[in-house]
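I opened this model today to look up two things. I started with the ligand, then turned to the nonpolar cores.

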Amino acid sequence: GGDEFAFVLNTTDAAQAADAAERILGLLDRPFELRGQRVHVGASIGIALFPAHGESIDELLKHADIAMYRAKVEGGAYAFFDPERSPFSRERLSLEVELRQAVTRGELELCYQPMQALCDGAVLGFEALARWRRDGTLLAAADFIPLAEESELIRLLDWRILRQALAEARQLLAASPPLQLSVNLSARSLHAPGLVEHLASLLSETGVEPGRLVLEITESAAMRHPERSYETLHALAALGVRLAMDDFGTGFASLTYLRNMPLHRVKIDGSLVRQIGSDPRGEELVRGAIALGHGLGLEVVGEGVESEAQREWLRNNGCDQVQGYLIGRPVPLGELRGLAPGAARGG
Ligand code: C2E
Ligand code: CA
Ligand code: CA
């Protein structure tokens, strides 16, 4: 159908099927002439084996199709159907294909959410959050970042967002010296080879002082390969960028690692902040997280603050900064209010 072809092989041996896939790809790989132009086509191949991956023709075709989409999305040349990853539906995969296109074409947008000091209400910085305009609706990061995080796509996405945020915000940063820009980095990006070198050249290209950039890494990302994270975080800190542990209180960071990580800030997760005023044990957890952050000499930010009562409680319990709908929703850079030099006061 369309630009898709099916081959039926008279073997059920996986190695022979892989061999056939490689031969087909090798043939397609040869350049040929088309109206005087040298052209080149590629292909993605999905393989389903009888009877392991299906006992009917329909099922085999469907599973070969899913495997083909996976090969396409993951950038591999061919893939076998993997029943373990079966929730992979074609619809989901085409969403991934679309997301990849949006990322490579630079179509993602950014919204910025302010962070406010609790001592005097000053806006100290803002966090860049990715947005995807798909079929006319603006999707929040929560709706597509998890999908991107399942493949290497997240590295490209994070890198593009970092570039875009620095490019968009550099003027504002230059005009309002204390302001900081926060950008999120996922686990795969943190462990990408060359991250530190690339970031160093990006900073000098954009002229943004390293100390004005805060990289937010979730607690669970930092804990995935603690030894490697530890090394990368130290190299990033040596560049002069600031580091924040995001979603603090949800990822089981070991206290030993926490002590040795070159962090500047912890951000207490919104799920904990939400318990303020409703769950006394939850409040104890927030108190504990604030004390732990301060004990390690770090700034403490409360996330997801939606009510005046939550802000008041956090102020009374020594939290340094707050972020959340109460202070400001994420908006395009041009709509950020009160960030002009000397005017960074509010609330
Ligand atoms: P996060 O870093 O914890 O960001 C805060 C999330 O909570 C944002 O959702 C924000 O819109 C939302 N939020 C802010 N204030 C409130 C509030 O008062 N109440 C409630 N209920 N929610 C609030 P968003 O933009 O959907 O982002 C979700 C997550 O996606 C982020 O959580 C972050 O981990 C990730 N993310 C966003 N942009 C990027 C990116 O460029 N790269 C990577 N790797 N991750 C990103
Ligand atoms: Ca964050
Ligand atoms: Ca967070």
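**Entry 1: the ligand**

I began with the backbone and found a polar backbone atom of Ala130 at 3.2 Å from a nitrogen atom of ligand 1. The model is predicted, so I treat each distance as a computed value. Next I checked Ala142. One of its backbone N or O atoms sits 2.9 Å from an oxygen atom of ligand 1. Then I looked at Tyr325, where a polar backbone atom is 2.8 Å from an oxygen atom of the ligand.

I asked how much of ligand 1 the protein buries. Alone, the ligand exposes 800 Å², and the protein buries 83% of that.

Which elements give two or more residues to the shell around ligand 1? I noted β6 (123-134), α5 (153-175), β8 (180-185) and β10 (242-248). β6 gives the most, with four residues.

I counted 24 residues around the ligand in total. Arg131, Ala142, Asp158, Glu306 and Tyr325 are the closest. Sorted by class, the shell holds twelve nonpolar, five polar and seven charged residues.

**Entry 2: the cores**

I moved on to the largest nonpolar core, which has 72 residues. Leu181, Leu213, Leu215, Leu236 and Leu314 have the most contacts inside it. Helix α5 supplies the largest share of this core, ten residues.

Leaving out residues up to four places away in sequence, Leu236 touches Leu190, Leu195, Val196, Leu199, Leu215, Val241 and Leu243.

Last, I found another core lying apart from the largest one. This other core has six residues, among them Ala17, Ala21, Ile45 and Leu49.

Technical notes:
Residues are numbered from 1 along each chain as its sequence is written. Chains are lettered from A and ligands numbered from 1 in the order in which they are written. This is a predicted model: local features need pLDDT of at least 70, side-chain atom pairs count only at pLDDT 80 or more; totals for chains, interfaces and linings use all residues. Side-chain values use heavy atoms; hydrogens and water are left out. A residue is near a molecule or strand if one of its heavy atoms lies within 4 Å of it. A polar contact is a pair of N or O atoms within 3.5 Å; within protein, one must be able to donate a hydrogen and the other to accept it, and residues adjacent in sequence count only if both atoms are side-chain atoms. Accessible areas come from the Shrake-Rupley method with a 1.4 Å probe; for residues, only the protein chains shown count as cover. Ala, Val, Leu, Ile, Met, Phe, Trp, Tyr, Cys and Pro count as nonpolar, Asp, Glu, Lys and Arg as charged, and the others, Gly among them, as polar. A nonpolar core is a set of buried Ala, Val, Leu, Ile, Met, Phe, Trp, Tyr and Cys residues joined through side-chain atoms within 4.5 Å. Buried means under 20% relative accessible area, exposed over 50%, partly exposed in between (1.4 Å probe, protein chains only). Contact means heavy atoms within 4.5 Å.
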